[in-house]
Amino acid sequence: MELIIVKNYEEMSEKTFKIIKNVIKDKENPVISMTTGGTPRGLFKKLANAFNNDLDIEKVKFLNLDEYIGEKNAPYTVYRYMNENLFDLVSKKPLSWDYIHGDEKNIEKEIERYKNVLDNTKRDIQVLGLGVNGHIGANEPGTAFDSTIFLANHDQSTIESTANEYNIDISDAPNQMVTMGFKEILEADKVLLMVSGSKKAEAVKNVLDGPISTACPASYLRDKDNVIMIIDEDAASLLEK
Ligand code: GLP
């Protein structure tokens, strides 16, 4: 893992944006798999802005890390987030966008379908955020490190974070999502783990200074060469060195 510590949220967003922008410029048909949530909002703004200027969205294939189980246009879905924070803001369309259908009745069949997409689509970039409990995607504490795309149950802290982030009542927040497993996450050429703010400092400390353990899912990324962790000073504030 490469660790990059930057000053603040803006610099974390800018640093991550630049890495993605360079991959999009260099590749003929780059495949970018996005995460959602509070952390990448600044990154999405920069991407939307660049796609409306000199960066070519029409050659980009988009995928997603995960999706909540629920109605397609519920306030918290990845589907809605991607539209509101990117596609609705950009005048041109991407080459493709294949997302997990969290409203599919037969969810096992949908998992199989998306697994097939992932098996046949090598990702150049996988963007990740970090849960306060160290989760990535919905690989919550206790998830085996050989996980592949699956239907995950959220920890209580994750349900609370979702309710907070999307300004909804806790009783309306989803408690399950389909998520890539560690296997698919790490198949990307570059995995960008973004972390900002003091509320994530404890998780960052566990990721970098604690044991590599399923108790802190993201600790598994620590000895992986294709992972770049981009964090701000507040998120880094509890690190020993
Ligand atoms: C959520 C999502 C993740 C996200 C993470 C951090 O539960 N499943 O995809 O990256 O938790 O969210 P946030 O950036 O809002 O703190």
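**Entry 1: what I am looking at.** I'm working from a predicted model, so everything here is read off computed coordinates.

**Entry 2: strand E2 and its partners.** I started with strand E2, residues 31-34, and asked which strands pair with it. Strand E3 (residues 61-64) runs parallel to E2, and four bridges join the two. I checked positions across the pair: Val31 sits opposite Lys61, and Met34 sits opposite Asn64. E2 also pairs with E6, again in the parallel sense, over two bridges. There I found Ile32 facing Ile125 of E6.

Then I looked at the two faces of E2: buried or exposed? Both are covered. Val31 and Ser33 are buried on one side, and Ile32 and Met34 are buried on the other.

**Entry 3: on from E3.** I followed the chain from E2 through helix H2 (residues 41-51) to E3, and these make a right-handed β-α-β unit. E3 has a parallel partner in strand E5, residues 96-98, with three bridges between them. Phe62 stands opposite Trp97 of E5 in that pairing.

**Entry 4: helix H1.** H1 covers residues 9-26, which is 18 residues. I got 26 Å from its first C-alpha to its last, close to the 26 Å expected at 1.5 Å a residue. Which residues of H1 are buried? I listed Met12, Ser13, Thr16, Phe17, Ile19, Ile20, Val23 and Ile24. Looking down the axis of H1, I see these buried residues within an arc of 160°, so they line one face of the helix.

I also noted what that buried set packs against: strand E1 (2-6), E2, H2, E6 (125-128), strand E9 (190-195) and strand E10 (227-232).

**Entry 5: the nonpolar cores.** The general rule I had in mind is that nonpolar side chains tend to be buried together in soluble globular proteins. The largest nonpolar core here has 46 residues. Ile20, Met34, Phe51, Phe62 and Leu86 touch the most other members. Another core lies apart from that one and has 36 residues, including Ile149, Cys216, Ala218 and Leu239.

Leaving out neighbours within four places in sequence, Leu86 is in contact with Phe44, Leu47, Ala48, Phe51, Phe62 and Tyr81.

**Entry 6: Gly102.** I found Gly102 in the loop between E5 and helix H4 (107-120). Is this glycine buried or exposed? Gly102 has a relative accessible area of 9%, so I put it down as buried. Beyond its neighbours within four places in sequence, Gly102 is in contact with Glu67, Tyr68, Ile69, Gly70 and Ile107.

**Entry 7: Asn167.** Most residues other than glycine have a negative phi. Where does Asn167 sit? Its place is in the loop between helix H5 (156-165) and strand E8 (176-179). Asn167 counts as exposed because its relative accessibility is 73%.

How values were computed
Residues numbered from 1 in each chain as written. Predicted model: local features only at pLDDT ≥ 70, side-chain atom pairs only at ≥ 80, totals over all residues. Heavy atoms only, no water. Pairing = 2+ DSSP bridges. Right-handed = clockwise from strand over helix to strand, strands pointing away. Core = buried A, V, L, I, M, F, W, Y, C linked by side-chain atoms within 4.5 Å. Buried < 20%, exposed > 50% of the residue type's maximum accessible area, 1.4 Å probe, protein only. Contact = heavy atoms within 4.5 Å. Expected span 1.5 Å × (residues − 1). Arc of directions from axis to C-beta.
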